[in-house]
Amino acid sequence: MSDPSCLLNLLKTLYTLRNIVQPFWFNYYFYVILQTTNYTEFFDLNQITNRISQTGQSTINAVTAIGYASILIWDSLLLLFMGKRVNQPVRFGLIVDEIINAGVKAVPVVALMSATIGVMLSIQGIHTLSIFGAETQVTFGLAISIPREFAPLITGILVAGRSGSQLTSRVGSMQLNGEIDALTVMGIAPARYVVAPSLIGLLVSLPVLVVIGNLAAFSAAGLYIHATLGIGPDAYWADVLDVVTIDDFLHGIMKSFIFAILLAMIAISLGMWVYGGAEVLGKSTTQSVVTCIAAIIAADTVFALLL
């Protein structure tokens with residue numbers, strides 16, 4: 001590649017200002033550049049162009065993915081409320097199956113992990129407050145943090161790892177086997193058969209799982225506090241109910257609705273984009289789990305900042 005003369009002239013002009021610019025590293029850096037015969041060693045324009053092109057392509061792909069997922073969700077909501085008018089009703093049986101898969105079968109793991117989080121928060125809270133001799137005030141911290149942050153966040157992450165991967169794998173397998181195209185040929189909208197039941201199943205299941213997570217976390221924390229500090233169940237629940245409000249529970253439930261929409265959008269859209277073979281399906285499933293968890297954490301952060 002020929003020497004970039006324009007860039008070289010610019011560097012020479014900057015080097016003439018060395019008496020104005022005092023830091024040694026600045027003068028030395030430009031001195032080394034001007035004394036080097038192979039300027040392309042420092043400025044590979046092809047590499048810079050490739051990186052800019054990759055950044056632009058990644059941005060376009062991200063915007064396309066968001067638009068595609070939004071269209072899927074919008075179509076599914078339209079078919080849910082107006083499906084009978086266009087002879088595309090969403091079957092209630094499919095919604096029930098999704099509620100069982102995403103909600104009922106996830107109750108044990110959500111309850112267990114929420115209880116573990118409740119005990120962990122109690123341990124850390126007691127350890128921290130013991131510095132000030134205020135161990136008995138740990139219930140006030142639990143009453144605020146569990147319903148607003150930890151219960152919806154842990155539940156969303158668990159459902160993302162369980163149902164998100166399942167959705168992507170199932171939809172991706174349908175795409176590879178030509179079942180999505182077959183539905184279109186038969187006059188059945190894929191959004192009616194694939195997207196809408198999964199979306200409604202998550203919208204119903206996730207808030208219920210958050211409520212179960214709250215109960216499990218508070219119950220396990222109360223047992224640990226009773227065993228450690230000797231605070232009885234009546235006094236513990238009285239302290240919790242004095243602090244926690246309906247707004248705190250609604251805050252967590254509102255998060256769960258947003259998490260459910262994000263999970264459905266990401267998991268199903270990644271499944272719809274599977275082409276090529278089993279290897280691509282495996283990568284899409286992994287990407288679905290990672291993207292869903294990242295989206296949930298990002299959404300939770302936005303909620304914490306704004307609400």
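## Overall fold

From the N terminus on, the elements run α-α-α-α-α-α-α-α-α-α-α. That comes to 11 helices and 0 strands. Helices (H or I, at least four residues) and strands (E, at least two) are DSSP runs, numbered from the N terminus. The chain has 307 residues, and buried residues make up 39% of them. Buried means under 20% relative accessible area, exposed over 50%, and partly exposed in between (1.4 Å probe, protein chains only).

This is a predicted model: local features need pLDDT of at least 70, side-chain atom pairs count only at pLDDT 80 or more, and totals for chains, interfaces and linings use all residues. Residues are numbered from 1 along each chain as its sequence is written, and side-chain values use heavy atoms, with hydrogens and water left out.

## Helix α6

Helix α6 covers residues 138–176, 39 residues in all. Its first and last C-alpha atoms are 53 Å apart, close to the 57 Å expected at 1.5 Å a residue. The expected span is 1.5 Å times one less than the number of residues.

A kink of about 60° lies at I146, shortly before the proline P147. The bend is the angle between axes fitted to the seven residues ending at a residue and the seven starting there. G178 follows α6 and has a positive phi, near 80°.

## Salt bridges

The whole structure holds 5 salt bridges. Each is a side-chain nitrogen of Lys or Arg within 4 Å of a carboxyl oxygen of Asp or Glu. E149, K255 and D300 are linked in a network. K255 meets E149 at 3.1 Å, N to O. This pair links helix α10 to helix α6, 106 residues apart. K255 also pairs with D300, at 2.7 Å. Here α10 is linked to α11, across 45 residues. K255 is buried at 0% relative accessibility, and D300 is buried at 8%. E149 is partly exposed at 23%.

K283 and E279 form another bridge, at 3.6 Å. They are 4 residues apart in helix α11, so about one helical turn separates them. K283 is exposed at 55%, and E279 is exposed at 59%.

## A buried serine

S269 sits in helix α10 (residues 246–272). Its relative accessible area is 7%, so S269 counts as buried. A polar atom of its side chain lies 2.6 Å from the backbone oxygen of M265.

M254, V302, L305, L306 and L307 form a nonpolar surface patch, with about 550 Å² of accessible area together. Helix α11 (residues 278–306) gives the most to this patch, with 3 residues. L306 lies in α11 and is exposed at 67%.

Notes:
Patch = residues over 30% accessible without salt bridge, like charges linked within 9 Å, V, L, I, M, F, W, Y side chains within 5 Å. Areas by Shrake-Rupley, 256 points an atom, 1.4 Å probe, with all protein chains shown as cover. Polar contact = N/O pair within 3.5 Å; in protein donor to acceptor, adjacent residues only side chain to side chain.
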